[in-house]
Amino acid sequence: MTLPTQAVLQALLEHYGEELYGFELSKASGLAAGTIYPILQRLTVAGWVSARWEDPEPTRVAGRPPRRYYRLTVEGRARAVHALAARSTSRSATTGLLNRRPGVEGGLA
Amino acid sequence: VSPLTFVAVIIAAAVLCWAIFHNPCRAAVRSSGPAQNRRCGRPAIVVAYGRYPRSLGRCEYHRTAPAYRRPRSNLGAGPMTGGSLWVVSFLLPPAERKCWSAEVRSVLWESRGDRLVQRQQVRGFLWALPATIWTSWMVVVLGAMRPRREFR
């Protein structure tokens with residue numbers, strides 16, 4: 001799982017239960033909307049995220065283009081939590097390995 | 001979508017991009033000698049903008065020509081970028097094209113207050129285009145894409 005995917009999942013988890021549109025998600029994850037678009041595409045196909053287009057009537061009144069809302073599904077939430085936890089564990093294991101000093105027990109001699 | 005269609009779309013899009021951007025400069029290189037009637041042959045996109053550094057391949061004519069003589073000088077960065085995004089959207093599968101264009105429009109509208117953010121978003125869409133095209137086609141080719149009927 002790439003870092004941008006992790007950032008998107010993190011942002012969706014932080015706003016679990018809410019619907020976020022592309023620009024909001026871009027701000028929440030700190031990535032450009034173009035970067036998160038293919039990620040959301042993959043997550044939608046995998047069933048982690050559900051997406052819907054906004055009703056066109058209010059947007060016509062407001063004079064803006066319709067937004068696409070994304071929401072983490074129940075299954076997606078469980079998987080995202082698991083995946084992020086696994087990544088965090090592996091990252092801390094790697095960091096621990098790199099921080100070991102030569103001569104210290106268990107370190108590289 | 002068959003692999004043949006996929007390849008045909010890629011080739012058609014490449015030809016379209018070439019036709020738009022590789023509009024060679026029609027200006028003769030100003031020099032006294034046998035090369036007098038040669039064209040500089042730079043793509044229009046290179047010679048069109050006044051802010052473009054002179055060292056980066058403008059012919060002598062285009063260095064000194066007034067703005068109205070430069071190709072597409074009547075177009076600003078906005079229409080050029082919009083046009084580029086429109087052209088490259090043809091690289092996406094038809095079902096995905098509408099969704100992507102709507103997303104681009106929506107994001108650019110939302111970020112309209114801040115030019116810097118808007119530029120970052122445009123750059124983001126352009127840089128992520130290979131990934132978007134690849135993902136879209138893989139989803140279509142692998143048959144995993146569900147029809148997006150919710151789009152209006």
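## Salt bridge within chain A

At 16% relative accessibility, A:Arg64 counts as buried (under 20% relative accessible area, with exposed over 50% and partly exposed in between, for a 1.4 Å probe and protein chains only). Its salt-bridge partner is A:Glu54, with 2.9 Å between the closest N and O atoms; a salt bridge here is a side-chain nitrogen of Lys or Arg within 4 Å of a carboxyl oxygen of Asp or Glu. A:Glu54 lies in the loop between strand S2 (49-53) and helix H4 (56-62) of chain A, and A:Arg64 in the loop between H4 and strand S3 (68-72), so the pair ties together parts 10 residues apart in sequence. Helices (H or I, at least four residues) and strands (E, at least two) are DSSP runs, numbered from the N terminus. A:Glu54 is also buried, at 10% relative accessibility.

## Basis of the model

This is a predicted model, in which local features need pLDDT of at least 70 and side-chain atom pairs count only at pLDDT 80 or more, while totals for chains, interfaces and linings use all residues. Residues are numbered from 1 along each chain as its sequence is written, chains are lettered from A and ligands numbered from 1 in the order in which they are written, and side-chain values use heavy atoms, leaving out hydrogens and water.

## Other salt bridges

The structure holds 4 salt bridges over all chains. In one of them, B:Glu110 meets A:Arg67 at 2.6 Å, N to O. B:Glu110 belongs to helix H5 of chain B and A:Arg67 to the loop between H4 and S3 of chain A, so this pair joins two chains. Both residues, B:Glu110 and A:Arg67, are buried.
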